[in-house]
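Please look through the sequence and the model shown here before reading the briefing.

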Amino acid sequence: MEAVFGAISRASGKRVAVALSGGVDSTVVALLLKERGCNVVGVYMRNWDERNETGYCRADEEWTRVQSVCKRLRIDCVQVNFIKQYWNKVFTPLLDGYATGKTPNPDVLCNQEIKFSALLDHCKQHLDAELLATGHYAQLRVNPAGSGKELQLCRAVDSSRDQTYFLSAVQQAALQCAAFPLGGFMKADVFRMARDGGFADIAALRESRGLCFIGKRKFTQFLSEYIEDQPGPIMMGGKVVGQHSGLHTKTVGQAVHFKWQSTLPKPKQPRRFYVWRRDSETNALHVVLDGNDTALWSRGVVTHRPHWISGQAPDGLSSCSGLAGIVMDASTGSCKYPRNVALTLDRDGDGGLLVTCDKPLPAASPGQYAVFYDGDVCMGSAEIKEFIAIELPDLAA
């Protein structure tokens, strides 16, 4: 059981800031650290200014819950404003990505640029905190082959909740000041600890998924408030078969519905169309008819320059396992997780990586991340530049 409390033992005797959202995971983190005698302060981040929105934002409701949790735990709590930083470091790149045919991952950027950068710095400088603890499902271990100080980012015990994918771009220096107390627990244990600790009301809350600034709207509706719709042709086999409202509303691998506008015979129902390419230069959305079409399957990806958590590329950069990009549904903002497969890594001429899979994978959209593992150790990640299709349709057919 001691291994389960590794993150808590690191925090023993230290002043620890806990990033609180008002949900069950961060509440249990604060509860565990408080019960074990840590000097805990709760911190709530406000990353979005709902006054700029016509839709619902749950920030005020969350802050009320955070204050209630901290009052019951008898710990101090503060609210910090990172609206400007979030806009510049996360939201603007997200809009730029969608406007240029990518499907960005704001969760990776938020962890890299906000939680484990701006928030961590604030907690150290203004709250005298030595560690920042969060409700992420991940584990930190000392690298047995390292200098004795280097930390490895490892998968959580609860594989269905593992969040190392979203932490894969965090710097080693930031991990040195981080703690993930839930990494050794199953989600069911977290619910039980919340109820046993007097937080049954928090445990009963419906878990929030997706992006906080979207509220109850559809993701495409939200994006259209910031990215002007630019209708263009839907192409299949080199022929125009319909019209789309904007490339930012669709992502690779997504099923699409549209009014058939071609003189070609319309395929009989219930066959569906799927996006395999978004061409930002021609504003064309290319589709195929079958979800099993080889154009929707990848034998690898080409990435931008990778980030290695240890600070350097692993020895003999070659074989590992990995997740070749989470597929985000452009209509809902929800994520669909890819399979974990064996990968072969080679450097390309631009400082990026050529990643080859040992078996076909659903094609990942540019802007997502390929994340690399050695067993349960997350080695790092790289943003996907393009995927390598098994076989491409003839655009001029």
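**Briefing on the predicted model**

Leaving aside residues up to four places away in sequence, aspartate 158 touches Phe185, Met186 and Lys187, where contact means heavy atoms within 4.5 Å. This is a predicted model, in which local features need pLDDT of at least 70 and side-chain atom pairs count only at pLDDT 80 or more, while totals for chains, interfaces and linings use all residues. Residues are numbered from 1 along each chain as its sequence is written, and side-chain values use heavy atoms, with hydrogens and water left out.

**Aspartate 158**

- Aspartate 158 lies in the loop between β6 and α6 (164-167); helices (H or I, at least four residues) and strands (E, at least two) are DSSP runs, numbered from the N terminus.
- With a relative accessibility of 5%, aspartate 158 counts as buried, a label that means under 20% relative accessible area, whereas exposed means over 50% and partly exposed lies in between (1.4 Å probe, protein chains only).
- The side chain of aspartate 158 makes a polar contact of 2.6 Å with the side chain of serine 160, and the aspartate 158 side chain also reaches the backbone nitrogen of lysine 187 at 2.9 Å.
- A polar contact is a pair of N or O atoms within 3.5 Å; within protein, one must be able to donate a hydrogen and the other to accept it, and residues adjacent in sequence count only if both atoms are side-chain atoms.
- Although aspartate 158 and phenylalanine 185 are 27 residues apart along the chain, their C-alpha atoms are separated by 6.6 Å.

**Histidine 136**

- Histidine 136 is placed in the loop between β4 (131-133) and β5 (139-142), and this histidine 136 is buried, with a relative accessible area of 7%.
- The side chains of histidine 136 and threonine 134 are joined by a polar contact of 2.7 Å.
- Not counting residues up to four places away in sequence, histidine 136 touches Asn111, Lys115, Phe116, Gln163, Leu167, Phe180, Leu182 and Gly183.

**The parallel sheet**

- Five strands form an open sheet in the order β3-β2-β1-β4-β7, with parallel pairing; two strands pair if DSSP finds at least two bridges between them.
- Because β3 (76-81) and β7 (178-179) stand at the edges with a single partner strand each, one side of each is left without a neighbour in the sheet.
- Strand β2 (residues 39-46) pairs with β3 in the parallel sense over six bridges, and arginine 46 has asparagine 81 as its bridge partner in β3.
- Helix α2 (residues 24-35) packs on the sheet, touching β1 (15-19), β2 and β4, and its direction makes about 165° with that of β1; axes are lines fitted to C-alpha atoms, for helices over the stretch in contact, and angles run from 0 to 180 degrees between N-to-C directions.

**Strand β21 and its partners**

- Since 10 of the 13 residues of strand β21 (residues 377-389) are buried, the strand is largely enclosed by the rest of the structure.
- Strand β20 (residues 369-374) runs antiparallel to β21 and is joined to it by six bridges, with valine 377 in β21 as the bridge partner of aspartate 374.
- The hairpin of β20 and β21 has two residues between the strands, and glycine 375 takes a positive phi near 65° there.
- Strand β13 (residues 297-303) is joined to β21 by five bridges and runs antiparallel to it, with alanine 389 in β21 as the bridge partner of serine 298.
- Strand β14 (residues 307-308) pairs with β21 in the antiparallel sense over two bridges, and tryptophan 308 stands opposite glycine 380 in β21.
- Two bridges join strand β6 (residues 151-154) to β21 in an antiparallel arrangement, where leucine 153 has cysteine 378 of β21 as its bridge partner.

**Nonpolar cores and cysteines**

- The largest nonpolar core has 49 residues, and those with the most contacts inside it are Phe116, Leu119, Cys123, Leu132, Leu153, Phe180 and Leu223; such a core is a set of buried Ala, Val, Leu, Ile, Met, Phe, Trp, Tyr and Cys residues joined through side-chain atoms within 4.5 Å.
- Helix α5 (residues 106-126) supplies the largest share of this core, nine residues.
- Apart from this core lies another, of 34 residues, among them Leu20, Val28, Ala30 and Ala179.
- A search of the whole structure finds zero disulfides, a disulfide being a pair of cysteine sulfur atoms within 2.5 Å.
- Cysteine 154 is in no disulfide, and the nearest cysteine sulfur, that of cysteine 378, is 8.9 Å away.
- Cysteine 154 counts as buried at 0% relative accessibility, and cysteine 110 counts as buried at 10%.
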